[in-house]
Amino acid sequence: MKAIYDVPAPAKLNLFLHITGRRADGYHLLQSVFMLIDWYDTLHFEVRADGQITRSDIGAASADRLPAEDLTVRAAKALQHACGTPLGVHISLEKRIPTQAGMGGGSSDAASCLLALQRLWGVKLPRQNLLEIALKLGSDVPFFLSGGHAWVEGVGELVTPITLPPADFLVVKPPEGLSTPAIFSSASLKRDSETATIQGFAANNPAQIFGFGRNDLQPVAQALCPQIVQSLDWLSAQQLDGRMTGSGSAVFAQLPHSVNVHAQPSGWNVRKCKNLQAHPLESW
Ligand code: C5P
């Protein structure tokens, strides 16, 4: 019987996200704190001796199936090419993190794929080469290789690990999703936020640290997706101060008290989450 390896891929929330400029190639310079939370996809890997890289979805309705050549397949092919292994893999993806949510699910899957395949194929790229592959796959992928929460700058390639106090959050994903390029390309996006510092962020006490700054993508996303405003209003009605993560459409609020999440509108994905103290593959 062939061995199948199960590997987790956690979601992230952006505590804040400031856009400080734009590069000549159109990519945006940002500053953000990326925080890992206990909402996971699971990837199942079965090594193939024939060198082929294949993928299937587990438990996804046909409308939610990812394209065959998704980010995990592209990650596996890039690693295979870079390390020259004759081995391949079949990846089954059990998707639980909402897509088009700003929660980094696809990027996290790709990062977990790179880390898992280094182990299963018995290869190890120099860290810098792995990070270069990660950044080509997507701006959020290097963060998911960093092992924990991080202060992220540049277009996503400058990742500085930070620690955060343990806390609970309520995450709300309304039915509509949002496409990241659509948000970043908006003419009304604020692109000139002042530069913040890690020291300025870390100087906040634990009660304030989760409310630092703002998400500059939120006004554009709200204009495109009224369900974001509805989600924030729903959080307000529970005395919770919410904000959007990434390019949306999920929003979240720190949970200082217990709330009745059963009163959620139907079709919404509402979940209580804890931040992680480390990435589950931290030592890989
Ligand atoms: O890198 P990723 O595939 O996640 O980016 C998706 C899109 O978001 C890019 O094609 C780009 O339009 C936009 N983006 C950006 N600046 C960033 C990250 C993403 O403009 N720092």
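The accessible surface of the chain comes to about 12,700 Å². Carbon and sulfur atoms account for 52% of that area. Accessible areas come from the Shrake-Rupley method with a 1.4 Å probe, and for residues only the protein chains shown count as cover. The model is predicted: local features need pLDDT of at least 70, side-chain atom pairs count only at pLDDT 80 or more, and totals for chains, interfaces and linings use all residues. Residues are numbered from 1 along each chain as its sequence is written, and side-chain values use heavy atoms, with hydrogens and water left out.

The C-alpha atoms fill a box of roughly 55 × 40 × 35 Å along the principal axes. The radius of gyration is 19 Å, which agrees with the value near 19 Å for a compact globule of 284 residues. This radius is taken over C-alpha atoms, and the globule rule is 2.2 Å times the number of residues to the power 0.38. Buried residues make up 50% of the 284 residues. Buried means under 20% relative accessible area, exposed over 50%, and partly exposed in between (1.4 Å probe, protein chains only).

The chain holds eight helices and ten strands. Both are DSSP runs, numbered from the N terminus: helices are H or I with at least four residues, strands E with at least two. Strand 5 (residues 150-153) pairs with strand 6 (residues 158-161) in the antiparallel sense, over four bridges. Two strands pair if DSSP finds at least two bridges between them. Val-152 stands opposite Val-159 in strand 6. Four residues lie between the strands of this hairpin, where Gly-154 takes a positive phi near 70°.

Other loops also show backbone features. Gln-100 has a positive phi of about 50°, although it is not a glycine. Gln-100 lies in the loop between strand 4 (88-94) and helix 2 (105-121). The residue is partly exposed, with a relative accessible area of 44%. Gln-239 is another residue other than glycine with a positive phi, near 60°. The loop between helix 8 (226-237) and strand 8 holds Gln-239. At 64% relative accessibility, Gln-239 counts as exposed. The peptide bond from Gly-248 to Ser-249 is cis, with omega near 15°. Ser-249 lies in the loop between strand 8 (243-244) and strand 9 (251-254).
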